[in-house]
Amino acid sequence: MGAFVTEAFALLGVGLLFIGLRSYVRISTVGWKGLQADDYLMWFAAILYSGETALAYSVGAYWRGLANNGMTDEQRLLLDPNSEEFMLRVNGSKTQVAGWSTYTLLLWVVKAAMCTFYLRLTDGLEFKTRIYVGFGLIFSTWVAVFLSIMFSCIPFHKNWQIYPDPGNFCQPAISKIDIFVTVVLNVITDLYLMSIPIPMLWRASLPPAKKGGLILLFSGGLFVTMAGILRCVLIITDPINGAQQAGSWAVRETFVAVVTSNMPMVFPLVIRWGRPLIGTFRSISSTGNKNSKLSRSGDPHSGAFKLEDKNPRRGMGPRSVNPITEFTMSGIIMKQTTLQVTESRKSRSDFDGGGDDGGIGDYYLVQQGRKSGDVHGGRHDAGASSRKGKRSSMNFSAPRKI
């Protein structure tokens, strides 16, 4: 029990730290008034995570890992209703019901926060329909999970009945319907959420190593899925200690969910602070932007920083931070299009520790998603290449080969 308490509260501390770092980045970039729904959802998740950890702790610390499962019919018959063990088993079972409810609500709130983040990430692209479908899937699956917890055992008080044996569905620590419904719907929603950003990043014009790193960063749902499946297997294979196993693995699974969902926005900041230990880390940039600085985004709702190139060419604007080249074939015409982006010059010194740290927060991901969408969505301005003498946010050159 001592080892679990140490682990549970250590995981809680790290999880809350990630939520705090995320909030620090967001508030520093957009201010309190610029926070979005996903930021508030993550604060709600922090409250639920703390409550879930407290419930998991009480299962072992107060109720000694006991519930209304793991008993023979004879043991149930002989157990005195006025005994301490009877009280421990009843209260342990009630705590299991509360734990299941808090655990599932926490996971689905984290999913909703990620889906809201994707809505900002893909602003202006063709992914909004898929994201709205994701919101519908998250809500409907959570309702299904909640109903399975509340109504799989009727009447409800049988969830803590000792004698006669109420059956597996009324033993919340090891209820198979609760386990399978939660695991199946958890896997489905996680896989769907991963299907939103990964295709966008796959199509982006990025170096293979960086593209792979970003895809891995947004594939955190796989770790949550594996943790949920492992939790299911351990509870089913050990019905005697199912109550303690359920609490222990619920804390571990939700820790993975909290960390992986906050990692895309926290990771650049962690890398920047850990630079003396892990070496130099740079965001995507051309070889000429060694003097890049972080500046405040011109969009008050973007909640991110931009990279500013300090080595522009005369009369042509700054060099592209990340040229995107696409080759398309239509009949016998091959077109090569290069996108050059002029970055904002409104500087910000909050995170300016040397000027070459790369974007902190989610701005880089948002911009890369927009660039990818512009290229693949066919929204290039064919006449922009003829306005070389003007300062514009995008310059295109489109050589054609017949």
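A: Lysine 111 lies over the face of tryptophan 108, 5.0 Å from the ring centre; a charge sits over a ring when NZ of Lys or CZ of Arg is within 6 Å of the ring centre and within 35 degrees of the ring normal. Lysine 94 likewise lies over the face of tryptophan 160, here at 5.1 Å from the ring centre.

A word on the basis: this is a predicted model, in which local features need pLDDT of at least 70 and side-chain atom pairs count only at pLDDT 80 or more, while totals for chains, interfaces and linings use all residues. Residues are numbered from 1 along each chain as its sequence is written, and side-chain values use heavy atoms, with hydrogens and water left out.

A search of the whole structure turns up nine aromatic pairs. Rings of Phe, Tyr and Trp (its six-membered ring) pair if their centres lie within 6.5 Å, and planes under 30 degrees apart count as stacked, over 60 as edge-to-face and the rest as tilted. One of the pairs joins tryptophan 32 and tryptophan 43, which are tilted, with 6.1 Å centre to centre and 55 degrees between the planes. Tryptophan 32 lies in the loop between helix H1 (2-30) and helix H2 (37-61), and tryptophan 43 lies in helix H2, so their pairing ties together parts that are 11 residues apart in sequence. Helices here are DSSP runs (H or I, at least four residues), numbered from the N terminus. Tryptophan 32 is exposed, with a relative accessible area of 58%, whereas tryptophan 43 is partly exposed at 27%. For these words, buried means under 20% relative accessible area, exposed over 50%, and partly exposed in between (1.4 Å probe, protein chains only).

Tryptophan 100 and tyrosine 103 make an edge-to-face pair, 5.8 Å centre to centre and with 80 degrees between the planes. Both belong to helix H4 (residues 84-121), where they are three residues apart, about one turn of the helix. Tryptophan 100 is buried at 3% relative accessibility, and tyrosine 103 is buried at 2%.

Finally, do look for the aromatic cluster too: Phe9, Tyr57, Tyr62 and Trp63 form one together.

Notes
Helix = DSSP H or I, 4+ residues; strand = E, 2+ residues; numbered from the N terminus.
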